[in-house]
Structure formats: C-alpha cells, structure tokens
Amino acid sequence: MRVFFKMLRWILHVITYSIKHFMPLLPILRYPDPRLKKVAGRVDRFDDSIRRLASDMAETMYEAPGIGLAATQVDVHKRVIVIDVSETRDQLLVLVNPELVESDGQQVCEEGCLSVPGIYDKVERAEHVVVRYFDVEGQERTIEADGLLAVCLQHEMDHLDGRVFVEHLSQLKQVRIKAKLAKQARITA
Ligand code: ZN
C-alpha cells in the first residue's frame with residue numbers, strides 16, 4: 001500500500017511538473033484560425049482582470065518561448081500586448097491600447113510568430129516608431145523604438161487589428177504556408 005501511494009505521488013509530481021514546464025499557460029491560436037482576424041476592442045477599465053491577463057500572457061510568452069504576444073493570439077480580443085526582446089528575458093513591456101503616433105524609415109527583418117510555428121520570412125516595416133500606450137495601472141506612456149523592438153511592436157499591434165505577419169507576404173507564399181501548416185496539424189493530430 002505504501003508503495004502504491006509513493007508511486008501515486010510520483011506520478012502526480014511528474015504530471016504537475018510537465019504542466020508547469022512544457023505547456024504554455026494559455027493556448028495559442030494557430031494561423032489560419034479565423035479568430036486571429038478579429039479586431040480587438042479598447043480596454044477602458046484598468047482592473048485586476050487586465051493585470052491578470054497581462055501576467056498570464058507574459059508567462060505564456062516566456063514559456064513558449066517568444067519575444068512578443070498579443071491578446072488576440074490567446075483568443076482574448078482586448079488591446080493588450082506583451083513584449084520582451086532582451087537577451088536576459090527580464091525587460092517585460094506590457095502595452096494596453098497601443099497606438100502608433102510616429103513612424104519613419106524602413107527595415108527588412110526576418111519574422112516568426114507563435115501563431116505560425118516553424119515559418120520565418122522577411123517583412124518590411126518602419127525602422128523607427130513612437131507608440132503611445134497605457135500601462136496596466138492606466139498610466140499613459142510613450143515608447144520610442146527602432147530595430148528589433150520596433151519590428152516587434154508593429155508585429156504585435158498588427159495582431160490587435162486582426163493581421164498576421166504572413167499577410168504581408170505574397171499570395172503564393174500565403175497559400176504555401178497554409179498548406180504546410182495544415183500538413184503539420186494532420187501529423188500532430
Ligand atoms: Zn505574431
């Protein structure tokens with residue numbers, strides 16, 4: 001009997017460890033899921049539910065791992081994004097109701113997306129952006145960015161408007177990517 005309980009405890013330990021370490025907290029929608037096309041609504045109440053959403057999204061992004069995640073990708077259609085482009089993974093940015101107020105220059109960067117696993121391609125974006133947003137406490141803030149952070153901001157803000165990065169690519173590439181992802185889904189199903 002003692003052996004049985006010991007084994008049971010060990011099995012439970014393995015299960016909880018697996019859940020904690022190998023599964024993202026929130027399920028991430030996969031392209032071409034039609035819910036990725038929804039336009040997110042503005043947040044007007046900065047309450048605990050928004051703070052909880054932001055922290056769950058951050059945990060999901062770090063677990064995945066990824067450098068950015070929009071609420072749209074976890075099927076919550078509110079204008080919230082989380083970003084961390086630092087190598088040390090300790091520079092979390094949470095942006096609520098982000099708005100592009102300035103953009104200039106251009107850069108071409110290879111992008112990927114947690115909603116489009118295994119696909120990377122070059123997208124042209126503005127080199128420099130200024131984004132106005134609110135933090136989770138409802139305080140208005142501004143961020144100025146270039147390089148990778150600028151790309152990431154534009155990529156995540158696109159999600160809030162129902163756009164996935166592959167939609168910046170040619171029609172032919174989009175068809176190929178959809179076919180490839182459908183095949184992947186069949187293999188993992
Ligand atoms: Zn994305």
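Close-up 1. Strand β1 (residues 68-70) runs antiparallel to β2 and is joined to it by three bridges, where strands are DSSP runs of E with at least two residues, helices are runs of H or I with at least four, and both are numbered from the N terminus. Two strands are taken to pair if DSSP finds at least two bridges between them. Within this pairing, Ala70 has Ile81 of β2 as its bridge partner. Strand β3 (residues 93-104) is likewise antiparallel to β2, with four bridges between them, and here Ile83 stands opposite Leu93. This is a predicted model, in which local features need pLDDT of at least 70 and side-chain atom pairs count only at pLDDT 80 or more, whereas totals for chains, interfaces and linings use all residues. Residues are numbered from 1 along each chain as its sequence is written.

Close-up 2. Leaving aside neighbours within four places in sequence, Val80 is in contact with Val43, Ile50, Leu53, Ala54, Met57, Ala71 and Val96, a contact being a pair of C-beta atoms, placed from the backbone, within 7 Å.

**Close-up 3. The largest nonpolar core and helix α3.** Met57, Val80, Ile81, Val82 and Leu153 touch the most other members of this core of 39 residues, a set of buried Ala, Val, Leu, Ile, Met, Phe, Trp, Tyr and Cys residues joined through C-beta atoms within 7 Å. Two or more residues each come from α2 (48-63), β1, β2, β3, β6 (128-134) and α3, and the largest share, seven residues, is that of α3. Helix α3 (residues 147-160) is largely enclosed by the rest of the structure, because eleven of its 14 residues are buried, among them Cys152, His155 and Glu156. Just after α3, Gly162 takes a positive phi of about 80°.

**Close-up 4. Ser115 in the loop between β4 and β5.** Ser115 lies in the loop that links β4 (107-111) and β5 (121-125), and counts as buried because it has 24 C-beta neighbours inside 10 Å. Not counting residues up to four places away in sequence, Ser115 touches Ile28, Leu29, Arg30, Tyr31, Leu36, Gln73 and Val164.

Methods: Buried ≥ 20, exposed ≤ 12 C-beta atoms within 10 Å, placed from the backbone. Contact = placed C-beta atoms within 7 Å.
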